[in-house]
Amino acid sequence: MRTTIRRRLVLLALAALPAACGEPPTTPIITALPRALTAGERQLVAANNRFAFAFFGALARSHAADDNLFVSPVSVAMALGMTVNGAAGATRDSMLHALQLSGLPMADVNRGYRGVIDLLRGLDPGVEFTLANSIWHRIGITPGQAFLDDTRTWFDADVRALDFSAPTAAQTINDWVNAQTRGKIPEIVGSPIPDSVIMYLINAIYFKGSWTQQFDRALTRDAPFTLRGGGTVTAPMMSHRGAAPARYAYDPSATVVDLPYGGRAWSMTIVLPRTAAGIDSLVAGLTQERWDGWMAALDTGGVLVTMPKFTLRYDRELTDVLTALGMGIAFDPDLADFTRLFPPGGAFISKVKHKTFVDVYEEGTEAAAVTSVEIGIVSCCSGPPHIIVDRPFLVAIRERFSGTILFLGRVMNPAAS
C-alpha cells in the first residue's frame, strides 16, 4: 500500500514539472476529429472494439500462457466485413454475430466502415498511416456484381482478376501486400495457390509514428524484466529524460499509461498489472466496459516512463478462433452460403490468415498487419479436365454445324500401320 501511494505521489509531482523538461511537439496538436462521428460510425467503432476484446480473449485462450500476442483486430474485422457482403442467410448472421454487429443493417455497417476509413486516413500529419483493401479472384469465375459493387464503394477495395494457376500468381498478390506494409509483411499467400481457391479478400494496415516526446537513446539501459512465472530476463529499457505528455490512470488492478504520437491523434496505451502474475486475470477480464472505464479515467499530465523496446512478429491461422466466436458455419463447405459473392454456390471460407509486425523504439513505433480471407469452392472450375486417351477409342471426322459425318472409325493400336 505504501509503495502504491509513493508511486502516485511521484507521478503527480512529475505531472507538475514544467513543459520545458520535455521536447516540444514537432507537429500541431490535434484535439478532435475533423468532424463528429455519425451515429452509425459510433455503433461500428463500439462493435469493432467489442470484437477486439472478444477476439483477443479467444486468441489468448488458444495460446500457451507465456506466448507473446500482437494482433490487429480492426484488420481482421475489415477483411471479414468485406467478406460478409458476399454472405447470405445464416452464414451472414453468424458472421455479424462474431463481429459484434448483430442487429445492424448491412447498409449501416458498410456506411460505418466507409466513414471510419475516410476519417483515419490522413488524420495526423505526424503519423504515417495507410489502410488498403483488395480482392483477387480467379480468372474464369464471375463474382456477384452486387458484392463487387459493395466492396468497391464501401471498402475502397482494389478488385483484380488473376490467373491463379500461373506460377507468379501468389507472388503478384504478395507484392501488393509487401508494398502496402512497406516491406514489413512480405507474404500472406502461399505458392502454388490450391486449385480449390477462387478468391482472396485482403486487408493491409501500416502505421509509423514518432512519439510526441521521444525516449532518449542515451538513457536506454539493459535492465531486468520480470516474467509471469516470477523469473527475470534482461531487456533494453527506454526512458524519457523529462516528463512526457502522457495520460495515466489507476485502478486496484492496474496502472494505465497513454503515450501519444505526433499531433496526439494516435497513442500507445499500456495497461500494467500490479504484479507480473496479474496479467492472466487482466487479459481474462478484458471487456469493452472495463476498457471504457480506464479510458474515461485517464488524466492529462506529465509522467516519466521507462519501458522495453521490442520487435515482435506474429503469424496465425484464425479458423479455430473465429469458429469459437460463433461463425463456424462460414467455414463449412456444406452449410456456408456465399451466393452473393459467388452466385453458382458452393463457396466457403477455407482459411483466414493474420500476420502482424511491430517495432517499438526510442523515436517511435512502426507496425503493420495483414489479414487474408481465402475463399474456397466445393467443386472448382480450376481449369480444363485432363483426359488421357490411353486405350482403344472411336474417332470421327464431321462437319459440326450440319452434323455430317465424313469419317468414322476406331483406333485399337495407334502404333500399327
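**Sheet pairing, helix packing and a buried glutamate**

Strand E1 (residues 127–138) and strand E2 run parallel and are joined by 5 bridges, where strands are DSSP runs of at least two residues in state E and helices runs of at least four in state H or I, numbered from the N terminus, and where two strands pair if DSSP finds at least two bridges between them. Arg138 has Leu162 of E2 as its bridge partner. The structure is a predicted model, in which local features need pLDDT of at least 70 and side-chain atom pairs count only at pLDDT 80 or more, while totals for chains, interfaces and linings use all residues. Residues are numbered from 1 along each chain as its sequence is written, and side-chain values use heavy atoms, with hydrogens and water left out.

The open sheet is formed by 6 strands in the order E2-E1-E3-E13-E12-E11, with mixed pairing. Strands E2 (158–162) and E11 (310–317) stand at its edges, and because each has a single partner strand, one side of each is left without a neighbour in the sheet.

Helix H3 (residues 73–84) packs against helix H5 (residues 106–120) at an angle of about 140°, the axes being 11 Å apart (axes are lines fitted to C-alpha atoms over the stretch in contact, and angles run from 0 to 180 degrees between N-to-C directions). H3 is therefore oblique to H5, a class left over once angles under 35 degrees are counted as roughly parallel, over 145 as roughly antiparallel and 65 to 115 as roughly perpendicular. The contact (heavy atoms within 4.5 Å) involves Ala77, Met78, Gly81 and Val84 of H3 and Met106, Tyr113 and Ile117 of H5.

Glu41, in helix H2 (residues 39–61), counts as buried because its relative accessibility is 4%, the limit for buried being under 20% relative accessible area, with over 50% exposed and partly exposed in between (1.4 Å probe, protein chains only).
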